[in-house]
Amino acid sequence: MRAPDMLAPAAILAAAAAVAAAPMVVGSYGISVLINLLNAIVLATAWAFFSGPTRYVSLAAGAFFGTGAYAVAVLGEAIGYVPSLLAAALTGAVLAAIVGLATLRLRGMYFVIFTFGLSELVRELVNWWEFNVTHTVGRYVFLDVGEAEILWQLAALAAVLLFGWWLRDRSRIGYALEVIGADETVARQIGIGSIGLKLATFVLSSVAITLAGAILAPRWSFMDPTIAFNPTISFMTVVTALLGGMRRFWGPALGAVPLALLSDYLATTVPDYFSIVLGLAFLAIVFFVPDGLSGLLARRTGGLRPQAAGLP
């Protein structure tokens, strides 16, 4: 592999190492800000990993994030933190496979509506289970996991996602997904197994989002369905990915930096107007930076997106 091709993985490793060393040089507030930033990077990157090339707009991020968080809240004390992370990932994979098999033949508004309804459905099912079966209204989360450990786990997950996307862009899988997104009928005609490839990518994306929720669960001392399955998560994930750009592996991370910092500021200063500002930000992105910050930067610098193997 040529030396210039190794710049991206080297940058990913360097950034992950810098974040891992952060607890030694920043205080608790700095760690908290970094956790929020890394969470935004993971969610946006995982979402765009599927939705970027396929052009499927999913609003199910809140459902998978909440599934991971609630799985750790329910199972953490009983089986331990690490086994509960594995259980959360497995649950997310099964849920994603079921949803994918049922919905990935849909396109456009139908898929958007279904995935948004999924978040509400899962939240109501968990509410019903808690109220009628376990007779509880939430879960206390007492796990010996500090914020530094959460930071390291999110950094590792973000690095794996970014490196995986970088590898995919240089493979025939990346090329096949681009063809599916451009015209799925043509993809089938040239022999691309669109359903299987979309399903596998959707499951991987959803498992990463589920793990983000599971890793963050110990931050809350109390967990209930309203906290875990917050619909704002779905919309913030989409807005972050759109701001950064969904066609380059580093785009969602680029969008996460300003939006995560702005969200922290607004949440503490004007929490009552947070949704209004989020809506205005979404409109501004669509009108002024439709290709995201990464697309704008590429045009200004003359940069080109690395092509997948097989492209001319």
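Which element gives the largest share of the lining of the largest pocket? The answer is α12, with six residues.

This is a predicted model, in which local features need pLDDT of at least 70, side-chain atom pairs count only at pLDDT 80 or more, and totals for chains, interfaces and linings use all residues. Residues are numbered from 1 along each chain as its sequence is written, and side-chain values use heavy atoms, with hydrogens and water left out.

View 1. Two or more lining residues come from each of α2 (28-54), α10 (225-228), α11 (231-244) and α12 (251-269). By type, the lining has 13 nonpolar, nine polar and two charged residues. Here Ala, Val, Leu, Ile, Met, Phe, Trp, Tyr, Cys and Pro count as nonpolar, Asp, Glu, Lys and Arg as charged, and the others, Gly among them, as polar. Helices (H or I, at least four residues) and strands (E, at least two) are DSSP runs, numbered from the N terminus.

**View 2. W220 in the loop between α9 and β2.** The loop that holds W220 runs between α9 (194-216) and β2 (222-223). W220 is partly exposed, because its relative accessibility is 27% (buried means under 20% relative accessible area, exposed over 50%, partly exposed in between, with a 1.4 Å probe and protein chains only). Beyond its neighbours within four places in sequence, W220 is in contact with F65, V141 and I227 (contact means heavy atoms within 4.5 Å). V141 lies 79 residues from W220 in sequence, yet their C-alpha atoms are 6.6 Å apart.

**View 3. K198 in helix α9.** K198 counts as buried because its relative accessible area is 0%. Its side chain makes a polar contact of 2.7 Å with that of Y56. Such a contact is a pair of N or O atoms within 3.5 Å; within protein, one must be able to donate a hydrogen and the other to accept it, and residues adjacent in sequence count only if both atoms are side-chain atoms. Leaving aside neighbours within four places in sequence, the contacts of K198 are F50, T54, Y56, L104, I180 and E184.

**View 4. The salt bridge between E178 and R55.** A salt bridge is a side-chain nitrogen of Lys or Arg within 4 Å of a carboxyl oxygen of Asp or Glu. By this rule there are seven salt bridges. In the one between E178 and R55, the closest N and O atoms are 3.4 Å apart. E178 is in helix α7 (residues 172-182) and R55 in the loop between α2 and α3 (61-79), so the pair, 123 residues apart, links distant parts of the chain. E178 is buried at 14%, whereas R55 is partly exposed at 37%.

**View 5. The salt bridge between R188 and E184.** The closest N and O atoms of R188 and E184 are 3.1 Å apart. Both residues lie in helix α8 (residues 184-189), four residues apart, about one turn of the helix. R188 is partly exposed at 45%, and E184 is buried at 9%.
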